[in-house]
Amino acid sequence: MAKVHLRNITLDNFHECISLEVEESQKGLVASNVKSLAQAKVNPNLFPLAIYDAAVVGYEQAQLPMIGFTMYEIVAGVGFILRLMIDRKYQRKGYGQATILEVIRRLKLYPEVELIATSYQRGNETASKLYRSLGFIDWDIKWALDHESDIFLKLDF
């Protein structure tokens with residue numbers, strides 16, 4: 001199984017982050033990294049992170065290319081996984097699953113996080129399979145049920 005290492009987005013890796021691309025068929029399903037970074041700049045509850053293969057651990061400067069981007073939010077007792085994008089060159093290698101597992105591990109370290117949640121756009125079967133394979137189930141909270149375009153999931157722990 002793939003293993004990942006998450007790092008902050010910095011001046012050194014910013015351009016690499018915004019250059020990452022998903023497959024053409026996924027472009028309408030994932031927010032751009034530029035938009036995500038702009039949101040994180042003005043919202044202190046958002047935590048944007050670069051995804052690297054775990055082989056970069058121990059190197060101050062990553063010795064391998066960035067493979068993706070993730071971002072989570074902590075608000076109202078919920079650790080919400082807002083973004084997951086793996087560059088098209090690294091898809092179908094287990095990095096998405098490894099990233100979600102690492103984000104879950106990190107969210108569990110926050111004492112204020114009582115529930116972990118995420119969402120995906122209706123019709124995104126790849127995301128549905130990934131999250132459900134990791135134990136996420138439908139989140140039947142009123143505000144989530146009112147969303148027509150997104151499916152909201154939770155992971156109790």
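**Close-up views of the predicted model**

View 1. Arg88 is partly exposed, with a relative accessible area of 44% (buried means under 20%, exposed over 50% and partly exposed in between, with a 1.4 Å probe and protein chains only). Residues are numbered from 1 along each chain as its sequence is written, and side-chain values use heavy atoms, with hydrogens and water left out. The side chain of Arg88 meets that of Glu21 in a salt bridge at 3.5 Å, N to O (a side-chain nitrogen of Lys or Arg within 4 Å of a carboxyl oxygen of Asp or Glu). Glu21 lies in the loop between α1 and α2, and Arg88 in the loop between β4 and α3, so the pair ties together parts that are 67 residues apart in sequence; helices (H or I, at least four residues) and strands (E, at least two) are DSSP runs numbered from the N terminus. Glu21 is also partly exposed, at 36%.

View 2. A search of the whole structure finds 5 salt bridges. In one of them, the side chains of Arg105 and Glu102 meet at 2.7 Å, N to O, and these two residues, 3 apart in helix α3, are separated by about one helical turn. Glu102 is buried, with a relative accessible area of 16%, whereas Arg105 is partly exposed at 44%; together with Arg106 they are linked in a network of salt bridges. Asp138 forms a salt bridge with Arg132, the closest N and O atoms being 2.8 Å apart, and here Asp138 is partly exposed at 40%, as is Arg132 at 34%.

View 3. Helix α4 (residues 125-133) has Ala127, Ser128, Leu130 and Tyr131 as its buried residues. Seen down the helix axis, these residues fall within an arc of 165°, so they line one face of α4; the arc is that of the directions from the helix axis to the C-beta atoms. They pack against β4 (78-86), α3 (95-107), β5 (115-121) and β7 (150-155), while the face turned away from the buried side carries the exposed residues Thr126, Lys129 and Ser133. Just after α4, Gly135 takes a positive phi of about 100°.

View 4. In helix α2 (residues 33-42), the buried residues are Asn33, Ser36, Leu37 and Ala40. They cover an arc of only 95° around the axis, which puts them on the same side of α2. Their cover includes α1, β2 (46-53), β3 (68-75) and β4. Ser36 is buried at 0% relative accessibility and, leaving aside neighbours within four places in sequence, is in contact (heavy atoms within 4.5 Å) with Ala31, Phe69, Met71 and Arg83.

**View 5. Trp139 in a loop.** Trp139 lies in the loop between β6 (137-138) and α5 (142-145) and is buried, with a relative accessible area of 11%. Not counting residues up to four places away in sequence, Trp139 touches several residues, including Val78, Phe80, Leu115, Ala117 and Phe152. Trp139 and Ile151, which are 12 residues apart in sequence, are 8.3 Å apart in space, C-alpha to C-alpha.

Terms used
This is a predicted model: local features need pLDDT of at least 70, side-chain atom pairs count only at pLDDT 80 or more; totals for chains, interfaces and linings use all residues.
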